[in-house]
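This briefing covers selected secondary-structure elements and their packing. The sequence and structure come first, and the notes follow by topic.

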There are 2 protein chains.
Amino acid sequence: MQQLARKDARGLDGADPNAPSVILVGPQLGENIGATARAMLNFGLTDLRIVSPRDGWPNDAAVAMASGATAILDTALVVDSFDQAIGDTSYVLATTARPREMRLPVYSPEEAAQEVHLQRQRDATCALVFGAERRGLENEDILKCDGIVVVPTNPSFPSINLAQSVLLLAYEWRKRSLLGEEAPASIEQRFQSAGRPTPAPKSDFENLMAHLFDELDERDYFFPSEKRHAKERNLRTALSRAGLSEGEVRMFRGAIKSLTRNKR
Amino acid sequence: MQQLARKDARGLDGADPNAPSVILVGPQLGENIGATARAMLNFGLTDLRIVSPRDGWPNDAAVAMASGATAILDTALVVDSFDQAIGDTSYVLATTARPREMRLPVYSPEEAAQEVHLQRQRDATCALVFGAERRGLENEDILKCDGIVVVPTNPSFPSINLAQSVLLLAYEWRKRSLLGEEAPASIEQRFQSAGRPTPAPKSDFENLMAHLFDELDERDYFFPSEKRHAKERNLRTALSRAGLSEGEVRMFRGAIKSLTRNKR
C-alpha cells in the first residue's frame with residue numbers, strides 16, 4: 001500500500017495524533033487542495049488523502065495556496081480509488097451539501113467531531129470525506145461511509161467552498177479535542193459507545209460486501225438486474241449501521257462461506 | 001452618512017435580520033473581500049462594511065470570488081475610517097490572531113456568537129471586526145471594541161486566512177441563531193444580561209471620549225506627553241467595560257460639562 005512508503009506528517013509541530021484523516025475525492029482545483037492543507041494544519045490535522053486529483057500530482061497551485069502547510073501536501077497519500085483511501089480506516093463520515101435519500105445518520109459538524117472523538121476512544125481510525133467541487137460525492141462512495149455531515153448553511157445560498165467545508169470540520173474537531181475527556185457526551189451517546197465494538201477496517205468490510213455480493217450474484221439474487229443497485233445498497237446500509245468489528249466481519253465471512261458450501 | 005444612501009442587502013433570501021455586521025478594516029486582496037461576502041451569505045449575514053480597501057472600490061477580484069453573493073458587495077458600506085464604520089453600532093467584537101495586552105474580555109467564536117445574541121435581545125446593533133491580511137487590527141481600533149475574539153488554532157500554525165476567520169464567526173453565529181431563544185445561557189450570562197443596559201451607539205461613546213480627552217488635555221492631564229497614550233487607553237478601557245447606555249453617555253457628557261465650568 002502506498003501509505004506504508006510515505007513520510008509521516010503526524011510529527012509536525014502541533015499535530016494532533018488523534019485527529020481524523022481528511023479525504024478529498026476527485027478535487028479539481030489545486031488551490032482548494034492547498035487551502036485544505038492549510039486549514040488542516042491550522043487545527044492540528046495532518047493526514048491528507050487525495051483520490052484522483054483532476055490535475056495530477058504534485059500540483060504547483062496547491063503548494064502556492066498551502067502557505068507553509070506544504071508538509072501536509074508532501075506527505076499526502078494520493079490514490080486512484082476511494083476504497084484505497086478508506087482501506088485502513090474504520091469510521092468514516094461524508095460531508096455533503098444536502099442530505100441524500102439514504103438511511104445513514106446525519107450529523108452537524110459539531111456532532112461529527114463528537115462522534116469521531118467517541119470512536120477514537122475506542123481506537124477506531126477515523127476519516128472525514130469531501131467530494132469534488134460542485135459535483136460532490138457519488139452515492140456509491142457515500143454508502144461506504146458511516147454517516148453524513150451537513151453544514152447548516154443558509155438554504156437560499158448553501159454552497160460553500162471545498163476548503164471551507166474542511167475548515168469548519170477541522171475547527172469543530174479541534175474545539176472538541178481541546179475539551180478533552182471531560183466533555184459532556186449525552187447519556188444516549190455514552191450508552192451507544194459502551195455497547196458498540198471498535199469497527200473493523202473499511203477494507204475488511206468491503207471484502208465482506210464483495211464476498212456477499214459475489215455469492216449472491218452467482219445465485220441470481222440480483223435478477224432482474226434493474227434491481228441490483230437498490231438491493232446492494234440496502235444490504236450495505238443495513239450491515240454498515242451495525243458497525244461490525246474485525247472479529248464480526250471474520251465471523252460473517254465464515255458464515256457466508258458456510259452458507260455457500262454444498263449441503264452435507 | 002453613507003449608509004443611509006446605500007441599498008439594503010437585508011432583504012436577500014435567507015438574510016438573518018438579527019445577524020451582526022461584518023467590518024473589514026484595510027483589506028488588501030479583493031479575493032478575500034469576495035470570499036468574505038460569500039461566507040457571510042452562506043450563513044445569513046448581509047451587512048458588510050469596508051474601511052479603506054487597499055485596491056479601491058468597486059473591485060473586480062472581489063466580484064469574481066463572491067460566487068453569487070455579489071449583492072453583499074453591491075450594498076457594502078465603504079468608508080475611510082473605522083469610526084465611520086462603527087458609528088451606528090453599539091456592540092463590537094474584534095477578531096485577532098492572538099490576545100493583546102488589553103483589558104478586554106476574550107471570547108471564542110462560539111462565545112462571541114452567544115454574546116452577540118444576548119446583545120441583540122437588548123436591541124444592540126452588533127458588528128464583528130476583522131483586520132487586514134497579516135497586519136491585523138491596530139491597537140487603537142481594538143480599544144474601541146467591546147471584546148476580542150480568538151479562534152483556537154494550532155499554536156504552531158495559527159495564521160488563518162481573513163475570509164476563513166469571517167467564515168468561522170459567521171458559522172458560529174448561524175449555529176447560535178438556529179438554537180433560537182431556548183439556548184442555554186450560563187447563569188452568569190443571564191445575570192449580566194439582566195443587569196446591563198442596551199449600550200449606546202459607538203459614535204456617542206466616541207464623542208464622550210473625545211469630549212473627556214479634550215477637556216483633560218486642556219488641563220494638562222496628559223503631561224508629560226509620553227504618558228498620553230497609556231492614560232487614554234486606560235480611561236477608555238475602563239469606561240468601555242461599563243457598557244454605557246445612550247442615556248448614561250449623555251449623563252457623563254453633562255457631568256464633564258459641569259466639571260469643566262467655572263466654580264460658582
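In chain B, strand 4 and strand 7 (residues 147-149) run parallel and are joined by 3 bridges. This is a predicted model, in which local features need pLDDT of at least 70 and side-chain atom pairs count only at pLDDT 80 or more, while totals for chains, interfaces and linings use all residues. Residues are numbered from 1 along each chain as its sequence is written, chains are lettered from A and ligands numbered from 1 in the order in which they are written, and side-chain values use heavy atoms, with hydrogens and water left out. Helices (H or I, at least four residues) and strands (E, at least two) are DSSP runs numbered from the N terminus; two strands pair if DSSP finds at least two bridges between them.

**Strand 4 of chain B**

- Ala94(B) has Ile148(B) of strand 7 of chain B opposite it.
- With strand 6 (residues 126-130) of chain B, strand 4 of chain B pairs in the parallel sense over 5 bridges, and Tyr91(B) stands opposite Cys126(B) there.
- Because 5 of the 5 residues of strand 4 (residues 91-95) of chain B are buried, the strand is largely enclosed by the rest of the structure; buried means under 20% relative accessible area, exposed over 50%, and partly exposed in between (1.4 Å probe, protein chains only).
- Tyr91(B), Leu93(B) and Thr95(B) lie on one side, Val92(B) and Ala94(B) on the other, and both faces are covered.

**Sheet of chain A**

- An open sheet of 7 strands has the order 3-2-1-6-4-7-5 in chain A, with parallel pairing.
- Strand 3 (77-79) and strand 5 (106-107) of chain A are the edge strands, each pairing on one side only.
- Strand 1 (residues 21-25) and strand 2 (residues 48-51) of chain A run parallel, joined by 4 bridges; Ile23(A) has Arg49(A) in strand 2 as its bridge partner.

**Helix 6 of chain A**

- Helix 6 (residues 109-121) of chain A has 13 residues and reaches 19 Å from its first C-alpha to its last, close to the expected 18 Å (1.5 Å times one less than its number of residues).
- Among its buried residues are Pro109(A), Ala112(A), Val116(A) and Leu118(A).
- Asp123(A), which follows helix 6 of chain A, has a positive phi near 70°.

**Helices 10 and 12 of chain B**

- Helix 10 (residues 202-217) and helix 12 (residues 246-260) of chain B pack at an angle of about 15°, with axes 10 Å apart; axes are lines fitted to C-alpha atoms, for helices over the stretch in contact, and angles run from 0 to 180 degrees between N-to-C directions.
- The contact (heavy atoms within 4.5 Å) involves residues including Leu208(B) and Leu212(B) of helix 10 of chain B and Phe252(B) and Ile256(B) of helix 12 of chain B.
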